[in-house]
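Hi there,

Here is the structure I promised to pass along.

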Amino acid sequence: MKRYNKLIGLCSALLVLTTSCDLEETIYSSIYTEAFYKTAADAEKGLVAVYDPIGDMGVGPALTIVSDFSADQCYPRAVVGRNTLTLFAYDANYTTQRTAGRTNESPQQIWASSYDGIEKANWIIEKVPAAIMDETRKKQIIGEAYFMRAFYHWTLTKNFGDVPVKTKPSTSEVEATIGKSLKADVYKQIYSDLDMASAAGLLSYPAVEKGRPSKEVVNALYAKAALYNEDWQKALQKAQEVINSGKYSLMPDVRDVYRYDKEDAARVENMWAFEVAPISPGRTHQLTGLCGPPGNAGADYARTSFGSMFAYQTFFNSFDPADKRRQLLDTTFVDRSGKTVPQRSITPVTTQGVLIKKYQDPNTIVGQIPNIPIFRLPDMYLIAAEAEARLNGATATAYGFVNVIRKRAGLPDLKAGLSKDAFIDAVLQERSWEFFAEGDRWYDLTRTDKFMSVIPKAVNNVYPVRTPTAKNKYFPIPLDEINANPKLEQNPAWK
């Protein structure tokens, strides 16, 4: 501003000597795009920016703990507002999280990051078609942007229900001010974007770059979105396409999926993840520190851990002792002196602490780096099993899908002769065992309307009473967004 005023004064003084003074200047801002998206380098850099909001969600990581702390598998130590999710004590302003400086662990982060990603994807879709570059790569870049826009809209609707659908970039405040669309219309847009991504010539695994969606991952999101949309035929079709592609396979030992030293080998199953880099500065997350014992006590867990996330004893007890997935939980640990610490001494919070071992990293000193899974191949088998059962009952085909997952876990086939409803319940339970601490469970409970009956049973001496209400099926739209957008209405149950 001072420089601009000096220029005005200078031009005024020169008026006696000249007939005019040109004060026009190029304005650069977050919505200035005329000089960008013109080359291949511009397009690639713009696409990298589309992925960045996943990192913003992953750091907290709101990407997972918004779901996990709300559900019936994991619970937090009651510090820095984390217990508001477990006790359903948050408000539309997410006041406690904001006060504690933990917005990045709240649904508010999910809203902000998702629309940030949508805006960046919209600029790619709008501008890159005119870029001067290789046409094949151009098509792929635009396809990735369509995929990411679908992913962000799906992330929003599973958390908030009816949400604004945004398909054009904003060059003004007016263009950015839009109202909500019905959930059904959100899914129509998700489907449309995924159709565009499917036709974009994306590469298949293993040729795909780390952190980018393969052609099969597009179908994986399609399958899961269709499942949440109760579009059973589409869910079954897309899940089978992923399975039958033969591009991905299950790791023989489920524990290897999460080993810090087998991350690259595990990509054969871990199809798409929040990729974390062991560099500084770089993207990281808290899960390794949250899940390890307090005081950095467990050498196998992390260099730095503070013990703020545990599994419920009831969840641990729900596993068959023969289930290999139960070995990704533990009721003891070995401390740095080599002494075995019994369960009663794991944490001063409770005598029934159960440690989560999916995000162990004993070596890294720069942040916490294990990748956070977003889509794994077992999801496709269990989506196919549920969708097949909802369409045709507990058929042999449906049993075949779920038994693949049970066999890898070291379990016998699912009990034969189950009714349709009993089989679906068994698949949902299988999902709980397979995907715990991966940010999945809460959405299974809300999409099936089971959260009201299941959650009150997930209690312990830390949280002896938990009472979700019907309005908790979706999170409230952040009050900041309501105040900033006169066309945006709060979810009816939260008014």
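Glu-434 and Arg-325 form a salt bridge, with their closest N and O atoms 2.9 Å apart. Please keep in mind that this is a predicted model. Glu-434 sits in helix α16 (residues 420–435) and Arg-325 in the loop between α13 (313–318) and β4 (329–330), so the pair ties together parts that are 109 residues apart in sequence. Both Glu-434 and Arg-325 are buried. They also belong to one network of salt bridges with shared partners, whose members include Glu-269, Asp-323, Lys-358 and Arg-376. In the whole structure, the search turns up 43 salt bridges.

Another of these pairs may interest you: Asp-116 and Lys-120 meet through their side chains at 3.3 Å, N to O. They are 4 residues apart in helix α6, which means about one helical turn separates them. Asp-116 is partly exposed, at 26% relative accessible area, and Lys-120 is partly exposed too, at 23%.

Helix α6 (residues 107–127) also packs against helix α2 (residues 40–59): their axes come within 8 Å and cross at roughly 170°. That angle is over 145 degrees, so α2 runs roughly antiparallel to α6. Among the contact residues are Ala-43, Leu-47 and Val-50 of α2 and Ile-110, Asp-116 and Lys-120 of α6. By type, the contact comprises 9 nonpolar, 5 polar and 4 charged residues.

Lastly, a word on helix α14 (residues 377–392). Its 16 residues should span 22 Å at 1.5 Å a residue, and the end C-alpha atoms are 23 Å apart, which agrees. Of those 16 residues, 13 are buried, so α14 is largely enclosed by the rest of the structure. Just after α14, Gly-393 adopts a positive phi of about 85°.

Best wishes

Conventions: Residues are numbered from 1 along each chain as its sequence is written. This is a predicted model: local features need pLDDT of at least 70, side-chain atom pairs count only at pLDDT 80 or more; totals for chains, interfaces and linings use all residues. Side-chain values use heavy atoms; hydrogens and water are left out. Helices (H or I, at least four residues) and strands (E, at least two) are DSSP runs, numbered from the N terminus. The expected span of a helix is 1.5 Å times one less than its number of residues. Buried means under 20% relative accessible area, exposed over 50%, partly exposed in between (1.4 Å probe, protein chains only). Axes are lines fitted to C-alpha atoms, for helices over the stretch in contact, and angles run from 0 to 180 degrees between N-to-C directions. Angles under 35 degrees count as roughly parallel, over 145 as roughly antiparallel, 65 to 115 as roughly perpendicular and the rest as oblique. Contact means heavy atoms within 4.5 Å. Ala, Val, Leu, Ile, Met, Phe, Trp, Tyr, Cys and Pro count as nonpolar, Asp, Glu, Lys and Arg as charged, and the others, Gly among them, as polar. A salt bridge is a side-chain nitrogen of Lys or Arg within 4 Å of a carboxyl oxygen of Asp or Glu.
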